[in-house]
Amino acid sequence: MTSVSQSEMLVNPLREGLEVVRSADPCVVVIFGASGDLTKRKLIPALFSLVEQHLIPSAFAVLGVARRPMSHEEFRATQREFIDAERLETEVWKSFESSLFYIPFDFSDASGYQKLTEELQKIDQERGTLNNRLYYLSTPPTAYSEIIKQLGAAHLVAAPGEKYWTRIIIEKPFGHDLESAHALNAGVNAVFNENQVYRIDHYLGKETVQNILVFRFANGIFEPLWNRRYVDHVQITVAETLGVEHRGSYYDGAGAARDMVQNHILQVLSLVAMEPPISLEADTIRDEKSKVLRAIRRIPPQDAFKYSVRAQYGRGFITGETAAAYREEEDVNPQSKTETYAAFKFYIDNWRWAGVPFYVRSGKRLAKRVSEVAIQFKTVPHLLFEQTAADQLEPNVLVLKIQPDEGITLRFGAKLPGQSIHIRWVNMDFRYGASFGVKTPEAYERLIHDCLIGDATLFSRRDTVEQAWNLLMPFLIAWQQSKERELPQYEAGSQGPSEAEALLSAEGRKWRRI
């Protein structure tokens with residue numbers, strides 16, 4: 001176990017309303033793959049925002065590493081693109097920009113890590129960063145293992161008992177299947193202790209996802225209903241209007257299940273379904289999430305199509321414009337059998353959720369961009385209002401809206417004014433922007449700050465990553481073995497494939513309209 005600095009014993013994300021958010025330790029953030037889009041689009045803007053909020057000290061630096069030859073000045077110039085013009089003119093930006101450095105080398109070249117060591121030592125002396133390091137792997141996943149091995153060989157990772165710390169952030173995907181995820185984790189843990197490893201899922205940095213725990217455990221009226229006695233079923237939806245854009249080569253080897261369900265959706269599901277933790281410590285919360293994933297019923301490959309649907313988008317219309325079919329996209333195999341839509345029915349076999357289906361779906365080129373969790377409660381046990389048609393008595397639904405309009409909606413019945421009883425179904429809405437009047441912080445901003453202060457609550461642990469892969473493998477195996485089966489198609493801009501409706505209609509349920 002590495003030593004824990006005083007600033008690591010800081011604010012948990014769930015406690016910010018009660019405690020002061022503290023600044024991070026002095027440190028150097030080393031970004032591997034720093035010439036890529038993620039760095040200038042997300043990472044540098046997030047770090048600059050933290051500096052503006054005084055959540056990062058002046059004893060701080062960013063060291064970019066990539067193959068592309070660039071000087072410090074050239075690297076700084078490339079990072080201006082996604083910063084507002086007026087912010088670029090401030091003294092804060094000028095100071096921040098001076099803390100950006102860059103060295104080029106091939107990730108497999110051992111001599112490059114000697115250059116990295118020398119540059120880090122120079123930065124430590126000039127900026128007082130105290131030998132604290134955060135490595136950020138913003139590279140293709142194929143480079144992860146090599147970079148980690150070379151960091152270990154160059155002795156660039158803090159050993160147990162050191163006064164300084166080393167942490168590493170790893171971007172998804174965490175493997176391509178269970179076997180590769182296990183191998184990646186083994187390689188990581190050969191160099192880093194698990195408490196130094198931060199597997200980042202930007203989805204968990206969204207305010208509504210973080211608010212799931214607050215909503216459940218800070219309010220006395222919802223948690224008593226959060227179980228099989230009152231909940232009929234749960235729907236988790238991640239719908240996109242975009243296609244694969246310029247990621248065709250990656251996506252065609254991944255698909256919707258690997259790209260979204262294995263990580264984003266199962267992480268959200270575990271937050272929705274977990275038991276109350278005994279404290280807000282990171283591993284206490286992650287222990288409860290792990291229990292949920294272990295409790296999800298494993299489906300044998302021969303039954304996979306009873307519990308899942310996969311499909312691929314064809315030609316259609318999105319916001320009035322023609323959209324190409326998936327097989328017509330750039331860098332996609334014209335005979336591809338990769339799914340762009342995946343839906344699953346999961347059961348959590350524990351005391352709280354026995355018999356309650358959790359329906360999850362994710363797809364590209366759908367009618368609307370929306371991510372939400374919908375808790376549908378059971379209907380009333382007795383039809384008291386006999387003059388009201390039974391099919392008009394809708395169930396109560398609680399919707400946690402993750403994006404784009406972050407908030408919470410509760411749907412319930414109310415009497416229309418008048419002499420007779422007519423029921424109108426209405427929504428009680430909460431919106432983050434309207435209620436708090438502040439800009440929602442970017443997910444990367446929140447997650448990077450958490451890592452800098454040593455709070456791993458919102459990051460994936462090794463066991464949960466492998467449990468998620470273990471859960472999906474029977475489906476992926478069944479899909480792979482059924483290549484002769486024609487992949488269902490759905491029109492771009494639609495609600496998705498009709499086969500997905502059958503997943504729910506067999507039990508008298510239906511998907512919420514996207």
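Mentor: Helices (H or I, at least four residues) and strands (E, at least two) are DSSP runs, numbered from the N terminus. This is a predicted model, in which local features need pLDDT of at least 70 and side-chain atom pairs count only at pLDDT 80 or more, while totals for chains, interfaces and linings use all residues. Residues are numbered from 1 along each chain as its sequence is written, and side-chain values use heavy atoms, with hydrogens and water left out.

Trainee: Where is Pro173 placed, and what is the peptide bond from Lys172 to Pro173, cis or trans?

Mentor: Most residues other than glycine have a negative phi, and most peptide bonds are trans. Pro173 sits in the loop between E5 and helix H7 (178-191), and the bond that reaches it from Lys172 is cis, with omega near 10 degrees. Gln403 and Pro404 are also joined by a cis peptide bond, with omega about 0 degrees. Pro404 belongs to the loop between strand E14 (397-403) and strand E15 (407-415).

Trainee: What is the phi of Leu130, and where does Leu130 lie?

Mentor: Although Leu130 is not a glycine, its phi is positive, about 60 degrees. Leu130 lies in the loop between helix H5 (110-127) and E4. Asn131 is placed in the loop between H5 and E4 as well, and its phi, near 70 degrees, is a positive value in a residue other than glycine. To read accessibility, take buried as under 20% relative accessible area, exposed as over 50% and partly exposed as in between (1.4 Å probe, protein chains only). Leu130, at 56%, is exposed, whereas Asn131, at 24%, counts as partly exposed.

Trainee: How many of the residues of helix H13 (residues 443-452) are buried, and what covers them?

Mentor: H13 is mostly covered, with 10 of its 10 residues buried. Among them are Tyr444, Glu445, Arg446, His449 and Asp450. The covering elements include strand E1 (27-32), helix H1 (37-52), strand E4 (133-137), strand E5 (166-171), strand E6 (197-200) and helix H8 (207-217). Contact here means heavy atoms within 4.5 Å. After H13 comes Gly454, with a positive phi near 80 degrees.

Trainee: How many disulfides does the count come to?

Mentor: A disulfide is a pair of cysteine sulfur atoms within 2.5 Å. By this rule the count is 0. The closest cysteine sulfur to that of Cys27 is in Cys451, 8.9 Å away, which is too far for a bond. Cys451 is accordingly in no disulfide. Cys27 is buried at 1% relative accessibility, and Cys451 is buried with a relative accessible area of 1%.

Trainee: Which residues of the largest nonpolar core touch the most other members?

Mentor: In soluble globular proteins, nonpolar side chains tend to be buried together. A nonpolar core is a set of buried Ala, Val, Leu, Ile, Met, Phe, Trp, Tyr and Cys residues joined through side-chain atoms within 4.5 Å. The largest one here has 149 residues, and those touching the most other members are Phe32, Leu116, Leu151, Leu269, Phe344, Phe346 and Phe358. H10 gives this core its largest share, 11 residues. Leaving aside neighbours within four places in sequence, Leu269 is in contact with Ile236, Val292, Ile296, Phe346, Ile348, Phe358 and Val360.

Trainee: At roughly what angle do the axes of helix H10 (residues 256-273) and helix H11 (residues 282-295) cross?

Mentor: Axes are lines fitted to C-alpha atoms, for helices over the stretch in contact, and angles run from 0 to 180 degrees between N-to-C directions. The axes of H10 and H11 come within 9 Å and cross at roughly 105 degrees. That makes the two helices roughly perpendicular, a term for 65 to 115 degrees, where under 35 is roughly parallel, over 145 roughly antiparallel and the rest oblique. On the H10 side are Leu266, Gln267, Leu269, Ser270, Leu271 and Ala273, which meet Lys289, Val292 and Leu293 in H11. These contact residues divide into 6 nonpolar, 2 polar and 1 charged. In that division, Ala, Val, Leu, Ile, Met, Phe, Trp, Tyr, Cys and Pro count as nonpolar, Asp, Glu, Lys and Arg as charged, and the others, Gly among them, as polar.

Trainee: Is Trp93 buried or exposed, and with which residues is Trp93 in contact?

Mentor: Trp93 lies in helix H4 (residues 91-97) and counts as buried at 0% relative accessibility. Apart from neighbours within four places in sequence, Trp93 contacts Phe48, Gln79, Arg80, Ile83, Arg87 and Leu88.
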